[in-house]
Amino acid sequence: MKAFAMIELNKAGWIEKERPACGPMDAIVKPLAVAPCTSDVHTVWEGAIGDRKNMILGHEATGEVVEVGSMVKDFKPGDRVIVPAITPDWNSLEAQAGYSMHSGGMLAGWKFSNFKDGVFAEYFHVNDADGNLALIPEGIDPVEAVMISDMVPTGFHGVELADVKLGDEVLVIGIGPVGLMAVAGTKLRGASFIYAVGSRPVCAAAAKAYGASEIIDYHDGPIAEQIMKRTNGRGVDRVVIAGGTVDTFEDAVKVLKPGGTIGNVNYLGSGEYIKVPRCEWGVGMGHKTIVGGLMPGGRLRMEKLAKLVSAGRLDLSHLITHRYNGFEHMEEALMLMRSKPKELIKPVVVIAEDLMK
């Protein structure tokens with residue numbers, strides 16, 4: 001089969017591989033639509049997870065089931081499904097402990113384009129199909145539904161990690177697609193005021209549409225200084241980090257009130273240590289909590305997020321700015337994520353002919 005892969009560090013391209021085999025609890029899926037992610041860029045061009053040879057890229061997809069294992073009960077060939085970026089082993093001890101995303105080891109629930117081939121192929125393998133696939137509800141565009149595989153759950157998990165409560169003032173750092181979903185999730189959680197950090201006009205407009213109260217442009221000065229000025233020196237109750245670098249934590253800690261929480265879902269692709277300012281962290285005793293986590297995957301999570309879309313509480317249309325028809329555009333879409341032009345939020349590559357516009 002044809003696939004788009006990380007050939008080696010700093011090199012991606014087309015390869016041929018054998019179609020994956022289906023285990024008794026698994027499924028083989030052909031993609032309907034897929035999306036490249038900044039994580040793919042970190043993987044290939046920053047070496048964030050080390051060297052990989054001929055590893056098929058991609059972890060965001062909707063697809064059509066073509067084969068299921070003998071023990072799969074709830075899915076059959078022909079079903080159109082959302083495939084989560086994180087596909088845990090649900091019988092693992094880590095899953096039983098409540099951390100399914102780390103089943104088998106730290107971050108090991110993230111299998112696609114990490115421990116095994118990803119979704120940028122004519123066919124891909126999904127482990128534990130009954131636990132990891134979700135039917136696309138009627139009325140949801142399978143192309144837009146690709147956003148439910150990663151962007152929505154990652155952004156929402158940042159809000160969960162920050163423990164946003166009714167009436168909180170919240171800072172969201174980074175308003176790419178994950179940050180935009182953090183803004184949307186923060187609004188759904190009942191925040192009173194949402195500051196969103198970003199500079200690209202298309203992202204700022206989308207952030208406003210999702211509920212941001214004010215856009216903070218980091219070109220106008222240090223983020224912490226701008227937030228402290230706007231809050232009359234009080235700071236904010238919660239911070240969600242959805243972009244930036246290892247240095248971003250410094251601003252987050254500076255603006256966080258004592259008793260507040262920072263929820264990080266940003267993939268730190270480079271750097272050895274994060275920076276936590278000693279004094280602003282209360283010399284170690286400020287009750288300022290920093291939590292970082294990989295999004296939960298699995299069927300239940302996908303089904304609940306899809307219900308938000310079906311119920312009209314979450315609009316995915318603002319996220320997709322570039323839509324390509326045909327698998328042959330995979331490289332072009334990935335390079336767009338690498339260069340991040342100012343008009344970009346998220347590209348999607350449509351593979352199923354009946355979904356092409």
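The structure is a predicted model, in which local features need pLDDT of at least 70, side-chain atom pairs count only at pLDDT 80 or more, and totals for chains, interfaces and linings use all residues. Residues are numbered from 1 along each chain as its sequence is written, and side-chain values use heavy atoms, with hydrogens and water left out. Helices (H or I, at least four residues) and strands (E, at least two) are DSSP runs numbered from the N terminus.

**The sheet**

- Six strands form an open sheet with parallel pairing, in the order S11-S10-S9-S12-S13-S14; two strands pair if DSSP finds at least two bridges between them.
- The edges are strand S11 (214-216) and strand S14 (289-292); each has a single partner strand, so one side of each is left without a neighbour in the sheet.
- From one strand to the next, the twist averages 20°.
- Strands of a sheet pair through backbone hydrogen bonds, either parallel or antiparallel.

**Strand pairs**

- Four bridges join strand S9 (residues 169-173) to strand S12 (residues 236-241) in the parallel sense, and Val172 stands opposite Val240 in S12.
- S9 also pairs with S10 in the parallel sense, over five bridges; here Val172 stands opposite Ala196 in S10.
- S10 and S11 pair in the parallel sense over three bridges, with Tyr195 opposite Glu214 in S11.
- S10 is mostly covered, with four of its five residues buried; buried means under 20% relative accessible area, exposed over 50%, and partly exposed in between (1.4 Å probe, protein chains only).

**Crossovers**

- S9, H5 and S10 make a right-handed β-α-β unit.
- The chain then crosses from S10 through helix H6 (residues 201-210) to S11, and this β-α-β crossover is right-handed.
- A crossover is right-handed if, with the strands pointing away from the viewer, the path from the first strand over the helix to the second runs clockwise.

**Helices H5 and H6**

- The axes of H5 and H6 come within 8 Å and cross at roughly 15°; axes are lines fitted to C-alpha atoms, for helices over the stretch in contact, and angles run from 0 to 180 degrees between N-to-C directions.
- That makes H5 roughly parallel to H6 (angles under 35 degrees count as roughly parallel, over 145 as roughly antiparallel, 65 to 115 as roughly perpendicular and the rest as oblique).
- Leu180, Met181, Val183, Ala184 and Lys187 in H5 are in contact with Cys203, Ala206, Ala207 and Tyr210 in H6, where contact means heavy atoms within 4.5 Å.

**Helix H8**

- Six of the eight residues of helix H8 (residues 248-255) are buried, and H8 is mostly covered.
- The buried residues in H8 are Thr248, Phe249, Asp251, Ala252, Val253 and Val255.
- Their cover includes S9, helix H7 (223-230), S12, strand S13 (256-264) and S14.

**Ala12**

- Ala12 lies in strand S2 (residues 11-16) and is buried, with a relative accessible area of 16%.
- Leaving aside neighbours within four places in sequence, Ala12 is in contact with Phe4, Ala5, Met6, Ile7, Val44, Trp45, Leu57 and Glu331.
- Ala12 and Pro77 are 65 residues apart in sequence and 31 Å apart in space, C-alpha to C-alpha.
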